[in-house]
Amino acid sequence: MGGKMNQKILTVYENFQNVSLSIFFDELILFINRYHYEFTKYVSKDYLEAMEKFEAKYFILGHSDNNFEIGISYYRNLIEQGLDKENICRQVSLLIWDLSGYMIDEICPICHDSNLRLASSIGREKLIKFCDECLSTEIDGKFVQTDEEILPANRDQVNSYLREQAL
């Protein structure tokens, strides 16, 4: 079981408040950095290196259809039941994606089950539309298969996209 790691993430989860997503997000990033070695076993190197540098101020947090209060309560319950280190790492990584991935008002044209999120290539050179449900990836207006790691789009990328859409 996770032991000390479980207790640390429980403390982070217990401090969750919807009104202070920035503080919560930064605490999750500190947790990832504290348990870097464990995360290297379960999260891709590129994504982990990028996540470890994330700061709340660089993202528009909580812009999705996720109910974080219910989600965090569910995650806490799993931890209290004795979640292992692998699943803690996956859970925290997913939570960071859910918090920082900006959801747009465009339904996925492939699965029609979810709105698309704005994402980015690791080097931040490409803006990507991504579906959490079917994993469809749209780059430059074309749906493509890609093995490339993607990150949540940052605040500047989202604002640039929104400005373009308003024209």
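Tutor: Glu 106 and Lys 129 form a salt bridge, with 2.8 Å between the closest N and O atoms. The term stands for a side-chain nitrogen of Lys or Arg within 4 Å of a carboxyl oxygen of Asp or Glu. The model is predicted, so local features need pLDDT of at least 70 and side-chain atom pairs pLDDT 80 or more, while totals for chains, interfaces and linings use all residues. Residues are numbered from 1 along each chain as its sequence is written, and side-chain values use heavy atoms, with hydrogens and water left out.

Strands (E, at least two residues) and helices (H or I, at least four) are DSSP runs, numbered from the N terminus. Glu 106 is partly exposed, at 26% relative accessible area. Lys 129 is buried, at 14%. Buried means under 20% relative accessible area, exposed over 50%, and partly exposed in between (1.4 Å probe, protein chains only).

Helix H7 meets these strands. Its buried residues pack against E1, strand E2 (115-121) and E3. Those residues are Gln 157, Val 158 and Tyr 161. They cover an arc of only 100° around the axis, so they lie on the same side of H7. The arc is taken from the directions that run from the helix axis to the C-beta atoms. On the other side of H7, Asp 156, Arg 163 and Ala 166 are exposed. The helix covers residues 155-166, twelve in number. From first C-alpha to last it reaches 16 Å, close to the 16 Å expected at 1.5 Å a residue. That expected span is 1.5 Å times one less than the number of residues.

The N-terminal end of H7 is capped by Asn 154. A side-chain oxygen of Asn 154 lies 3.1 Å from the backbone nitrogen of Asp 156. Glu 125 sits in the loop between E2 and E3. Glu 125 is exposed, at 55% relative accessibility. Its side chain makes a polar contact of 3.2 Å with the side chain of Ser 121. A polar contact is a pair of N or O atoms within 3.5 Å; within protein, one must be able to donate a hydrogen and the other to accept it, and residues adjacent in sequence count only if both atoms are side-chain atoms. The C-alpha atoms of Glu 125 and Gln 157 are 9.7 Å apart, across 32 residues of chain.

Now the other charged pairs. The whole structure holds seven salt bridges. Glu 38 pairs with Lys 85, at 3.8 Å between the closest N and O atoms. Glu 38 lies in helix H3 (residues 36-42) and Lys 85 in helix H6, so this pair ties together parts 47 residues apart in sequence. Glu 38 is buried, at 15% relative accessibility, whereas Lys 85 is partly exposed, at 31%. Arg 90 and Glu 86 form another salt bridge, 2.9 Å from N to O. Both lie in H6, four residues apart, about one turn of the helix. Both are partly exposed: Arg 90 at 41%, Glu 86 at 30%. Asp 98, Arg 117 and Asp 132 are linked in a network of salt bridges.

H6 also carries Ser 93, buried at 9% relative accessibility. Leaving aside neighbours within four places in sequence, Ser 93 is in contact (heavy atoms within 4.5 Å) with Phe 39, Val 43, Tyr 47 and Met 51.

Phe 39 brings us to the packing. The largest nonpolar core has 42 residues, and Tyr 13, Leu 28, Phe 39 and Val 92 have the most contacts inside it. Among the elements that each supply at least two residues of this core are H6, E3 and helix H2 (21-34). A second, separate core has eleven residues, including Cys 108, Leu 116, Leu 118 and Tyr 161. A nonpolar core is a set of buried Ala, Val, Leu, Ile, Met, Phe, Trp, Tyr and Cys residues joined through side-chain atoms within 4.5 Å.
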